[in-house]
Amino acid sequence: MHKNRARMIIGILGSAFSSWAVAQVTLTAPERVGIGSAVPVEIAGETARADFLTIVAEGTPEGSYERYEYARAARVELKAPHAPGTYEIRYLGAARPYPTLARATLLIEAVEASLEAPAAIAAGSPIELHWRGPANPLDFLTIVAADAAEGSSEAYVYTKKGSPLTLNAPDQPGTYEIRYALGDVPYTTIGRHTIEVTGTNATLDFPSPVMAGAPVSITWAGPGNELDYLTIVAPDTPEGTWDEYVYTKVGNPVTLGAPETPGAYEVRYLTGQSDATLAAASLIVTPATAALDAPDSAAARTIIEVRWQGPGNDRDYVAIHRPEEDNQVTAPYGMVRRGPVLRIETPAEAGAYELRYITGRERRTLATRTLVVSPREVPGRLRVVAGNAAAAPDTENVVAVILDASGSMLQRLDGTRRIELARRSVATLIGEGLPDDTAFGLWVFGHREPDTCRTDLEIPIGPIDRAAAIATVNGVDAKNLARTPIAASLSEVGADLAGRAGEHLVILVTDGEETCDGDPATVIENLRAGGLDVRVNIVGFAIDELMLRETFVAWARLGGGRYFDAADSDALTRSLVQAVDPTYEVLDAAGKVVAAGTVNGDALSLPPGTYRVREAGGAASDAVTVVADEEAVVTRR
């Protein structure tokens with residue numbers, strides 16, 4: 001392609017230059033370019049904001065135009081048409097009939113591209129493509145049926161990524177073309193390569209029969225292309241339809257949960273592009289059974305222990321329902337993965353209930369047991385307050401917040417996504433709940449990449465800049481399928497706190513359990529044992545399982561802190577603000593910790609009895625009596 005430029009000034013006629021000017025406007029542009037190429041045009045002279053430039057075929061009537069760009073800069077870039085020939089670059093005035101104020105002749109020449117690739121390849125396999133061509137910014141390579149109309153495109157890759165490039169072959173056998181297409185409509189093909197896509201097949205091996213809901217280990221042989229997957233469906237399920245699935249790229253063998261309804265099924269190997277079935281094999285699913293052992297009766301809002309026998313699949317659970325309720329209704333529950341003995345809190349309302357063993361996917365009831373809930377003894381209240389009005393809450397040298405932005409935070413609570421509610425609450429903590437001399441840091445997990453265990457430091461520890469910190473928090477959004485690396489996040493915070501003198505407070509805000517195979521309890525123990533003066537508070541948002549709350553309570557206690565249970569948005573904001581205040585524990589007459597609270601925070605509801613209050617690192621208070629339906633107040637020393 002020639003790079004020569006030509007320039008023309010008014011009054012110079014009949015010269016070898018290819019541009020001339022009228023009305024004090026001058027254009028400078030290449031004399032020739034390839035089809036589809038960028039055409040840089042430099043403009044000199046007096047211009048108006050709505051004047052514009054266009055490229056039209058030589059001899060096109062005055063006032064006509066094709067694609068255009070406004071003349072609002074000294075340098076404008078046009079796109080060359082896709083048909084070779086002699087054209088004019090015209091500078092047109094803004095007012096009808098769009099007079100030509102300057103023009104330059106442009107020769108547009110045909111261009112070609114070359115492609116190197118295999119002559120044949122197995123269906124769905126990656127194809128390595130070597131190419132030469134103009135490499136305009138939006139040029140691309142695509143693979144289409146050999147008889148596809150000009151301008152068609154299927155899977156594609158931009159040439160700007162370099163050479164060689166990779167495209168996956170279609171997963172249906174046949175004759176195809178790889179085409180080099182110019183990157184603007186009408187996607188003109190300037191190079192092509194014919195390739196034969198050959199058929200492929202797969203085999204499957206797994207045990208049968210299996211119990212309903214049980215994990216099925218499936219050994220497969222097949223192409224194993226990037227998006228190929230296995231699924232289990234009914235035999236009459238239409239081609240290309242799937243239920244729960246697993247990608248072959250996960251490994252070999254892979255595991256899928258059997259359907260929870262007994263019967264005949266098929267395991268299918270499907271291609272990732274067209275969902276074509278390469279292999280299918282029969283699977284027989286047999287019924288699953290379960291049994292429950294628990295008290296026949298219990299008081300309202302008390303904790304009972306439930307022993308279970310059953311499939312024990314990861315998402316199975318035991319719940320307390322009214323007999324007339326179906327399993328879709330929210331009810332107190334415990335996940336069977338917690339162990340053979342579950343702790344579940346009874347409902348607040350007395351009456352007849354059922355304990356049910358429920359499968360995790362289809363919510364089928366495998367076992368029931370009657371439970372009578374009796375009225376609860378009227379509780380009293382206990383509140384701990386500061387000793388005098390001048391006493392301020394203890395402040396920390398560093399307040400470090402870990403914010404959960406994993407996939408579960410996309411769920412809605414009262415119509416609003418959890419992550420939005422969490423952002424508001426953390427912003428309130430930053431704006432109103434922290435003293436001016438606070439050193440603040442923010443870690444977030446789940447907001448950068450889906451399906452990962454990544455944690456990012458978004459605000460390094462330092463003097464708090466409230467406006468900047470709130471802006472950062474407001475920019476956090478949850479990613480679908482992102483996981484919950486609590487242990488790794490706590491570990492990263494600990495590494496950043498290492499070597500800092502003073503007291504440090506870590507606040508974890510999360511709506512779910514560890515899902516990245518970490519051990520938060522061990523990490524918290526190591527933080528405390530490593531010489532750091534650190535306290536770990538955990539704020540659980542919309543946690544509706546008692547045993548998960550109890551896990552968080554245990555972790556917070558290991559960290560010398562407290563667990564805050566936030567069922568809704570207001571409770572989340574209140575919990576975060578209270579999380580920076582001093583905490584205390586309540587001990588019963590036997591010295592067992594039965595509750596925890598915050599100084600100047602909400603009153604605790606407790607059964608009538610005698611208790612003592614103990615602040616972190618301090619001695620227990622004198623005995624305090626809690627009376628039914630009354631509030632006892634303990635004044636902090």
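Analyst: Let's start with a definition: a residue is buried under 20% relative accessible area, exposed over 50%, and partly exposed in between, using a 1.4 Å probe and protein chains only. This is a predicted model, in which local features need pLDDT of at least 70 and side-chain atom pairs count only at pLDDT 80 or more, while totals for chains, interfaces and linings use all residues. Residues are numbered from 1 along each chain as its sequence is written, and side-chain values use heavy atoms, leaving out hydrogens and water.

User: Why does Arg337 count as partly exposed?

Analyst: Its relative accessibility is 36%.

User: What makes Arg337 and Asp314 a salt bridge?

Analyst: A salt bridge needs a side-chain nitrogen of Lys or Arg within 4 Å of a carboxyl oxygen of Asp or Glu. The closest N and O atoms of Arg337 and Asp314 are 3.8 Å apart, so the pair qualifies. Arg337 sits in the loop between strand E31 (333-335) and strand E32 (341-345), and Asp314 in the loop between strand E29 (303-309) and strand E30 (317-321), which puts them 23 residues apart. Helices (H or I, at least four residues) and strands (E, at least two) are DSSP runs, numbered from the N terminus.

User: How do you know that Glu513 and Arg338 tie together separate parts of the chain?

Analyst: Glu513 and Arg338 meet in a salt bridge at 2.8 Å, N to O. Glu513 belongs to the loop between strand E41 (503-510) and helix H4 (520-529), whereas Arg338 is in the loop between E31 and E32, so the two joined parts are 175 residues apart in sequence. Asp314, Arg337, Arg338, Glu513 and Glu545 are linked in a network of salt bridges.

User: What about Glu631 and Arg383: which strands does their salt bridge link?

Analyst: Glu631 is in strand E49 (residues 631-635) and Arg383 in strand E35 (residues 380-385), 248 residues apart. The closest N and O atoms are 3.0 Å apart. Glu631, at 35% relative accessibility, counts as partly exposed, and so does Arg383, at 27%. A search of the whole structure finds 35 salt bridges.

User: Why are helices H1 and H6 called roughly parallel?

Analyst: The axes of H1 (residues 418-433) and H6 (residues 569-578) cross at roughly 30 degrees and come within 9 Å. Axes are lines fitted to C-alpha atoms, for helices over the stretch in contact, and angles run from 0 to 180 degrees between N-to-C directions. Angles under 35 degrees count as roughly parallel, over 145 as roughly antiparallel, 65 to 115 as roughly perpendicular and the rest as oblique. The crossing angle is under the 35 degree cut-off, so H1 and H6 are roughly parallel.

User: What makes Tyr187 and Asn600 worth a look?

Analyst: Each has a positive phi in a residue other than glycine: near 55 degrees for Tyr187 and near 65 degrees for Asn600. Most residues other than glycine have a negative phi, and most peptide bonds are trans. Tyr187 is in the loop between strand E17 (174-181) and strand E18 (189-198), and Asn600 is in the loop between strand E45 (593-598) and strand E46 (604-606). Their relative accessible areas are 30% for Tyr187 and 47% for Asn600, so Tyr187 and Asn600 are partly exposed.
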